[in-house]
Amino acid sequence: MEFFKVKLKEEFSCLATKQEPELTCYINDNYKAVREDRLNPAILIIPGGAYCNVSMRREGESMAFKYLSKGFNVFVLNYSVHPECYPTQFFEAASAMLYIRNNAEKWNIDKNKIAVNGYSAGGHLAASLGVWWNDPYMLDALKTTSDNIRPDALVLSYPVISADPKISHMGSINNVSGTTDTEAPIYKKMSLENHVNESTPPTFIWHTFEDNVVPVQNSLRFAYALAENKV
């Protein structure tokens with residue numbers, strides 16, 4: 001296995017954060033016993049932390065080894081947190097996807113099998129990629145095309161989805177939107193269930209009814225929006 005870390009600001013000059021977003025990379029080796037030219041799936045893991053910290057050990061490193069054991073090449077994103085806000089984290093997640101696809105051939109990755117797995121607030125960031133992968137402003141900043149950013153699948157683990165105060169994890173939405181004004185346009189934009197369309201990637205969602213931090217209605221609303229769009 002190859003292991004290394006990439007400072008995303010050194011790779012993408014458009015990232016204006018004052019923090020140091022970093023991609024931790026775990027690359028499975030190909031060898032004769034399993035076919036040296038095999039193309040492997042890859043997954044970008046985005047830990048949670050309410051956009052005020054990043055739970056790298058609990059939802060990053062531990063999950064990386066689970067996916068590695070299943071033959072994935074794995075990338076864990078340590079992204080900027082409060083006081084940085086949207087679109088900072090979204091640009092960092094998009095740049096991570098672009099970095100993976102740009103190096104797919106070198107690392108024997110199947111370009112059509114690159115998924116994103118997000119946890120809690122990281123689920124919000126993962127879902128943001130799923131609904132905004134063709135955002136013109138982001139594509140222009142990264143000087144790329146939408147097919148390099150779009151995840152081939154989403155795996156959302158107890159995700160923060162909605163900005164609706166009745167069900168929201170308001171700390172996450174406050175932090176990522178940069179405001180506590182629930183009527184502000186940027187606050188309402190963070191309700192990702194309202195941005196799902198027929199081009200949103202296939203999605204696997206899991207959540208528990210007993211979750212007393214992120215209400216399960218977040219996942220249900222996203223699932224309903226997916227079903228309405230036949231995703």
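Reply: Let us begin with contacts, where contact means heavy atoms within 4.5 Å: leaving aside residues up to four places away in sequence, Ala 93 touches Leu 44, Ile 46, Leu 77, Leu 125 and Leu 129. This is a predicted model, in which local features need pLDDT of at least 70 and side-chain atom pairs count only at pLDDT 80 or more, while totals for chains, interfaces and linings use all residues. Residues are numbered from 1 along each chain as its sequence is written, and side-chain values use heavy atoms, with hydrogens and water left out.

Me: Why does Ala 93 count as buried?

Reply: Buried means under 20% relative accessible area, exposed over 50% and partly exposed in between, with a 1.4 Å probe and protein chains only; Ala 93 has 0% relative accessibility, and therefore counts as buried.

Me: Which helix holds Ala 93?

Reply: Ala 93 is found in helix H3, residues 88-102, where a helix is a DSSP run of H or I with at least four residues, numbered from the N terminus.

Me: How many cavities of 30 Å³ or more does a search of the whole structure find?

Reply: The search finds one, a cavity being a set of points on a 1 Å grid over the protein atoms alone where a 1.4 Å probe fits but cannot get out, with lining residues having an atom within 4 Å of a point. The largest cavity has a volume of about 30 Å³, a volume being the space filled by probe spheres set on the points, which are joined across faces, edges and corners.

Me: Which helix gives the most to the lining of the largest cavity?

Reply: H4 does, with three residues.

Key
Helices (H or I, at least four residues) and strands (E, at least two) are DSSP runs, numbered from the N terminus. On a 1 Å grid over the protein atoms alone, a cavity is a set of points where a 1.4 Å probe fits but cannot get out, and a pocket is an open set with protein on both sides within 12 Å along at least five of seven lines; lining residues have an atom within 4 Å of a point.
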